[in-house]
2 protein chains.
Amino acid sequence: MEFSSKLLEKAVHEMSQLPGIGKRTALRLVLHLLKQPKDQTTFLSQALTQMREEVKFCGSCHNISDVEICEICGNDKRNHQIICVVEDIRDVMAIENTRQFKGIYHVLGGKISPIDGVGPSQLNINTLVEKVKAGNVTELIFALSSTMEGDTTNFFIYRQIKDYPIITSTIARGIAVGDELEYADEVTLGRSILQRIPFENSLKNN
Amino acid sequence: MEFSSKLLEKAVHEMSQLPGIGKRTALRLVLHLLKQPKDQTTFLSQALTQMREEVKFCGSCHNISDVEICEICGNDKRNHQIICVVEDIRDVMAIENTRQFKGIYHVLGGKISPIDGVGPSQLNINTLVEKVKAGNVTELIFALSSTMEGDTTNFFIYRQIKDYPIITSTIARGIAVGDELEYADEVTLGRSILQRIPFENSLKNN
């Protein structure tokens, strides 16, 4: 792709560094900004820079926060003894949207993945183990993705805390509510049979 | 979507103003920036701001340029009497990539589209007509998209310059090179039959 302007080329290059944004999409986005009032570009640039410079992570759960301790960890009405372990901030947002969880979170910041060069030391695992050792936790809920990396991470944490008197659980896997059985994959359907629950329990959740 | 940080929310909001970028994608992009070195965000913001502030449009063809007259218009080896009329900058890049065109361009900046509130006065049509009136043009090649808006724009320009002694042409429409006839749409296939060319001419272009 040949550009008639170095400024344009540089903007497209930087934009195309974002994941899932190729050169053509980057060009489309940049040309869109050119057609809009200058303010839009200024606002975008400022918002990104300010966020990157000033955003904080909660000192307790590592969730994104504007203050030292995030709103969830700072909320006395939540049960601080039940910790839901998640990969990243988006998972916190997804679970919060359900309004079904009244405990607190612990954001690992990823999962153990040797292929991507992510080892346990790069994740917020130690602080989680410390919380358990301190004795203030009654239950850990593992809510990582059910991939090899997720399972490895779960097990890595589990090994370090299994001797402490806490409950460990994982979120339920099964056929999504509203899904047809015939289109479900075998592994999920198989698991949903093995891990069936008493019918009375299913009534409670509705 | 509820955010635990106003800074994050603002960044996602601004990012999602871009066309084709929804809230979820914006969040993914912004969280990606958070995981990367600060430099990446700084470079992106600076490149966008600088481009928006400093980019110029060629005084002659309205293509994007870092100088008053773009490289193409400033190139003496190109035929300045043949002008290819295009909608936007991406079309110039696409045609330049073919290396088949030795004339110059005229970028309209869009096409006449009452639905989108774009009238002739918002496009670079007057400067094009002036060029024709000045008598330095021998051929205008219309290379707008073949939509109702494109056709309207072509015709609007054609009416104003039809009394001047110049050739007007449009780029050839037909079955794409390498495409199967059976999958072509009827309109294109019909046109490619009506507007067939001598077999000898087709040999020349290869």
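## Helix 3 of chain A against helix 1 of chain B

Helix axes are lines fitted to C-alpha atoms over the stretch in contact, and angles run from 0 to 180 degrees between N-to-C directions. This is a predicted model. In it, the axes of helix 3 (residues 38–54) of chain A and helix 1 of chain B come within 9 Å. They cross at roughly 150°. Angles over 145 degrees count as roughly antiparallel, so helix 3 of chain A is roughly antiparallel to helix 1 of chain B. The crossing of the two helices is left-handed.

Helix 3 of chain A brings A:Gln40, A:Phe43, A:Leu44, A:Ala47, A:Leu48, A:Gln50, A:Met51 and A:Glu54 to this contact. Helix 1 of chain B supplies B:Leu7, B:Leu8, B:Lys10, B:Ala11, B:Glu14 and B:Met15. By class, the residues of the contact are nine nonpolar, two polar and three charged.

## Helix 1 and helix 2 within chain B

Helix 1 (residues 6–15) of chain B also meets a helix of its own chain. Its axis comes within 8 Å of that of helix 2 (residues 23–35) of chain B. The crossing angle is roughly 120°. The two helices are therefore oblique to each other. Helix 1 of chain B passes helix 2 of chain B in a right-handed crossing.

On the helix 1 side, the contact residues are B:Leu8, B:Ala11, B:Val12, B:His13 and B:Met15. On the helix 2 side, they are B:Lys23, B:Ala26, B:Leu27, B:Leu29, B:Val30 and B:Leu31. Nine of the residues in this contact are nonpolar, one is polar and one is charged. B:Leu8, B:Ala11 and B:Met15 take part here, and they also touch helix 3 of chain A.

## Helix 2 of chain B against helix 4 of chain A

Helix 2 of chain B also meets helix 4 of chain A, with axes within 11 Å. These axes cross at roughly 145°. A:Ile89, A:Arg90 and A:Met93 of helix 4 of chain A face B:Leu27, B:Arg28 and B:Leu31 of helix 2 of chain B in this contact. Four of the contact residues are nonpolar, none is polar and two are charged.

## How the two chains are related

A rotation of 180° superposes chain B on chain A. The shift along the axis is 0.0 Å and the RMSD is 0.0 Å. The two copies are thus related as by a two-fold rotation axis. Of the residues of chain B, B:Ser45 comes closest to that axis, with its C-alpha at 2.2 Å.

Which surface do the copies use to meet? Of the interface residues of chain B, 98% are also interface residues in chain A, so the copies meet through the same surface.

## The sheet of chain A

Chain A holds an open sheet of four strands in the order 4-3-5-6, with parallel pairing. Strand 4 (103–107) and strand 6 (167–170) of chain A are the edge strands, and each pairs on one side only. Neighbouring strands are turned by 25° against each other on average, direction ignored. Five bridges pair strand 3 (residues 79–86) of chain A with strand 4 of chain A in the parallel sense. Within that pairing, A:Val86 stands opposite A:Val107.

Helix 4 (residues 89–98) of chain A packs on the sheet and touches strand 3 and strand 4 of chain A. Its direction makes about 160° with that of strand 4 of chain A. Helix 5 (residues 126–133) of chain A packs on the sheet too, touching strand 3, strand 4 and strand 5 (139–142) of chain A. The direction of helix 5 makes about 145° with that of strand 4 of chain A.

## The sheet of chain B

In chain B, an open sheet of four strands has the order 4-3-5-6 and parallel pairing. Strand 4 (103–107) and strand 6 (167–170) of chain B each have a single partner strand, so one side of each is left without a neighbour in the sheet. The twist averages 25° from one strand to the next. Strand 5 (residues 139–142) of chain B runs parallel to strand 6 of chain B, and four bridges join them. B:Glu139 has B:Ile167 as its bridge partner in strand 6 of chain B.

Helix 4 (residues 89–98) of chain B packs against strand 3 (79–86) and strand 4 of chain B. Its direction makes about 160° with that of strand 4 of chain B. Helix 6 (residues 148–161) of chain B packs on the sheet as well, touching strand 3, strand 5 and strand 6 of chain B. The direction of helix 6 makes about 165° with that of strand 5 of chain B.

How values were computed. Residues are numbered from 1 along each chain as its sequence is written. Chains are lettered from A and ligands numbered from 1 in the order in which they are written. This is a predicted model: local features need pLDDT of at least 70, side-chain atom pairs count only at pLDDT 80 or more; totals for chains, interfaces and linings use all residues. Side-chain values use heavy atoms; hydrogens and water are left out. Angles under 35 degrees count as roughly parallel, over 145 as roughly antiparallel, 65 to 115 as roughly perpendicular and the rest as oblique. A crossing is left-handed if the near helix is turned anticlockwise from the far one by less than a right angle, and right-handed if clockwise. Contact means heavy atoms within 4.5 Å. Ala, Val, Leu, Ile, Met, Phe, Trp, Tyr, Cys and Pro count as nonpolar, Asp, Glu, Lys and Arg as charged, and the others, Gly among them, as polar. Two strands pair if DSSP finds at least two bridges between them. Copies are superposed by least squares on the C-alpha atoms of residues with pLDDT of at least 70 in both.
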